[in-house]
Amino acid sequence: MWLLLTLSAFSAIAFVLLRLLAYFRYVKKCSLIPTLGDSLPVIGHAHHLIIKDTVEIVDFIAGKCRESNQVGGVSKIWIGPYPLMLITDPDDALTVANTCYQKPYVYKFADAWVGDGLATALLTTTWRKHRKLLNPSFSQQCLNGFLQIFNEQAAALARDLAPHAGGGPFDHNRYIMSNAFDGICKTTFGKPDGILDKGSSTEDYKKAVDTIVHVCMQRILTLWMHFDVVFKFSKLRAEEEKAVKTLRGTSWDALKKTQSAVGQENKKLDDRFQPFINSLIDLIADGSMTEKEIQEELDTLIFAGHDTSATQLLYVLMAIGSYPDVQEKIYKELQEVFGDSTRDVTKDDFRRLEYLEAVLKEVMRLYPIAPIILRDIDQDVKCKNVTIPSGSTAFIGLWGVNRSGAWGADADQFDPGRWLEPARLPASPAAFASFSIGKRGCIGKTYAMMSMKTTLVHLLRRYRLKADISKLQVQLVLMLKPVSGCEISIESRDAEKKCN
Ligand code: HEM
């Protein structure tokens with residue numbers, strides 16, 4: 001008996017010692033990576049995360065990204081005894097992004113809704129297989145079929161805003177959100193009977209999406225909610241359960257209705273416009289993916305695509321309204337391409353809207369909606385000057401990459417013209433990181449660019465905008481969302497067109 005107890009005690013002590021040894025070896029490996037300022041003994045930088053709210057945390061991230069750029073683009077902050085790596089150098093960020101595809105467990109907080117969909121899949125093998133299967137649905141050819149929906153949505157938004165023309169500042173947030181939400185639902189689900197028709201089902205669905213975002217954010221911010229056992233018995237879990245029922249019920253109904261519609265007709269519903277659901281159910285038919293996996297991908301498209309483009313567009317409109325000379329240059333380009341016509345945007349028009357694209361990218365560079373993304377470092381990663389040891393968690397600071405030294409001394413300046421002068425653009429393809437970088441970057445990038453450009457054309461040829469983006473205050477709720485100062489005013493351009 002005593003022998004057994006002694007052996008167990010020795011084993012426990014040996015285990016702890018080995019763990020400590022491994023920890024100190026790991027910390028030694030990290031020692032060449034610069035620690036950013038403001039670290040307190042024992043707790044490191046944790047005080048920032050505990051005392052800061054969702055608004056202050058944005059300044060913390062921006063400040064640390066700036067510091068990281070000053071010390072070479074790879075640095076670390078301490079959360080108690082654990083170092084978190086912050087990468088803001090474009091080349092090193094790309095190396096990390098293309099070496100480690102695994103995302104940390106916090107991404108699983110949306111699990112009940114989106115499961116192993118692309119954005120949150122933790123297993124690299126699952127993600128790799130699904131990404132390969134989904135990529136063709138985002139080909140330029142497929143997306144060209146969406147242009148009709150993008151135009152319809154953009155025209156509807158321009159109409160919805162009409163009552164505000166000449167009426168002073170208003171919050172454009174709810175209009176843009178609701179419009180983009182309808183757009184992503186139409187392009188994802190199409191319009192199977194009874195699914196997300198205007199009315200209460202859409203409202204319930206929107207509320208459920210908001211609930212899930214709220215639950216995820218609360219879990220991220222409340223340390224004890226990271227533990228499934230605590231979360232399981234919390235009020236948040238009950239809220240999540242109700243919302244998930246609505247969300248998954250909707251995608252399941254859409255899946256079933258689309259499958260039977262396609263089955264009856266034995267061909268695609270529409271040759272020109274084919275919503276994501278139609279191309280994805282082919283993957284069930286040929287045995288590449290299960291119904292459950294496809295449902296998770298459909299839910300992921302709503303989750304990842306619903307207010308990303310909309311929030312980004314809010315900032316784009318505010319920036320355009322804040323720089324009258326930039327706005328007039330865009331208008332001139334629109335006049336050259338469309339004259340006074342209010343016709344739909346075609347795929348050929350995009351090539352000619354060079355300045356509009358430059359403005360869009362410049363706003364996205366300075367106001368990225370996702371300031372950081374996270375990766376688990378599952379193998380040693382050799383960067384330009386240091387090696388990030390396996391076992392670390394990395395924050396890829398997209399905010400910092402977008403303002404790194406690669407952009408030159410005027411990296412913080414808003415200057416759309418830089419995009420039209422190749423000599424002024426960084427050599428690194430990863431220097432523009434707003435859609436993330438590397439092979440696990442945003443699959444909806446082209447979709448988002450097409451829909452935002454189409455909306456801008458419809459709005460800017462009809463209205464002149466005024467705004468003050470310096471008043472905009474944002475908070476981190478999964479992405480950078482506006483808290484205040486998000487107002488624009490619009491004036492109709494009809495009178496000036498008649499004079500031309
Ligand atoms: C301006 C609009 C958008 C921005 C700025 C944006 C940005 C991003 C970023 C930064 C990521 C990486 C997230 C991470 O690794 O944590 C990402 C991933 C993703 N985005 Fe977007 N996104 C936008 C629009 C869209 C749209 C419209 C869709 C769908 C139609 C979409 C679908 C996805 C998906 C599925 C992923 C996960 C990709 C993967 O892991 O393979 N996004 N996006």
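**Around the ligand**

Biologist: Which residues come nearest to the ligand?
Modeller: This is a predicted model. Of the 30 residues around the ligand, the nearest are Tyr107, Trp127, Arg131, Arg440 and Cys442.

Biologist: What does Cys442 do at the iron atom of the ligand?
Modeller: Cys442 is the single donor from the protein, through SG. The distance to the iron is 2.3 Å.

Biologist: And where is Cys442 in the fold?
Modeller: In a loop, between α19 (398-401) and α20.

Biologist: Which helices supply at least two residues of the shell?
Modeller: Four stretches do: α6 (124-134), α14 (291-305), α15 (308-322) and α20 (445-460).

Biologist: How far is the side chain of Trp127 from a ligand oxygen?
Modeller: One of the polar side-chain atoms of Trp127 is 2.7 Å from an oxygen of the ligand. Arg131 also has a polar side-chain atom 2.7 Å from a ligand oxygen. For Lys103, a side-chain N or O atom is 3.1 Å from an oxygen of the ligand.

Biologist: How do the shell residues divide by class?
Modeller: There are 18 nonpolar, nine polar and three charged residues in the shell.

Biologist: Switching topic. At what angle do α15 and α16 pack?
Modeller: About 105°, with the axes of α15 and α16 (residues 324-338) 5 Å apart. Angles of 65 to 115 degrees count as roughly perpendicular, so α15 and α16 are roughly perpendicular to each other.

Biologist: Which residues make that contact?
Modeller: From α15, Ile320, Gly321 and Ser322; from α16, Pro324, Gln327 and Ile330. By class, the contact has three nonpolar, three polar and no charged residues.

Technical notes. Residues are numbered from 1 along each chain as its sequence is written. This is a predicted model: local features need pLDDT of at least 70, side-chain atom pairs count only at pLDDT 80 or more; totals for chains, interfaces and linings use all residues. Side-chain values use heavy atoms; hydrogens and water are left out. A residue is near a molecule or strand if one of its heavy atoms lies within 4 Å of it. A polar contact is a pair of N or O atoms within 3.5 Å; within protein, one must be able to donate a hydrogen and the other to accept it, and residues adjacent in sequence count only if both atoms are side-chain atoms. Ala, Val, Leu, Ile, Met, Phe, Trp, Tyr, Cys and Pro count as nonpolar, Asp, Glu, Lys and Arg as charged, and the others, Gly among them, as polar. Axes are lines fitted to C-alpha atoms, for helices over the stretch in contact, and angles run from 0 to 180 degrees between N-to-C directions. Angles under 35 degrees count as roughly parallel, over 145 as roughly antiparallel, 65 to 115 as roughly perpendicular and the rest as oblique. Contact means heavy atoms within 4.5 Å. Donors are N, O and S atoms within 2.8 Å of the metal (3.2 Å for Na, K and Ca); water is not among the atoms, so sites may look incomplete.
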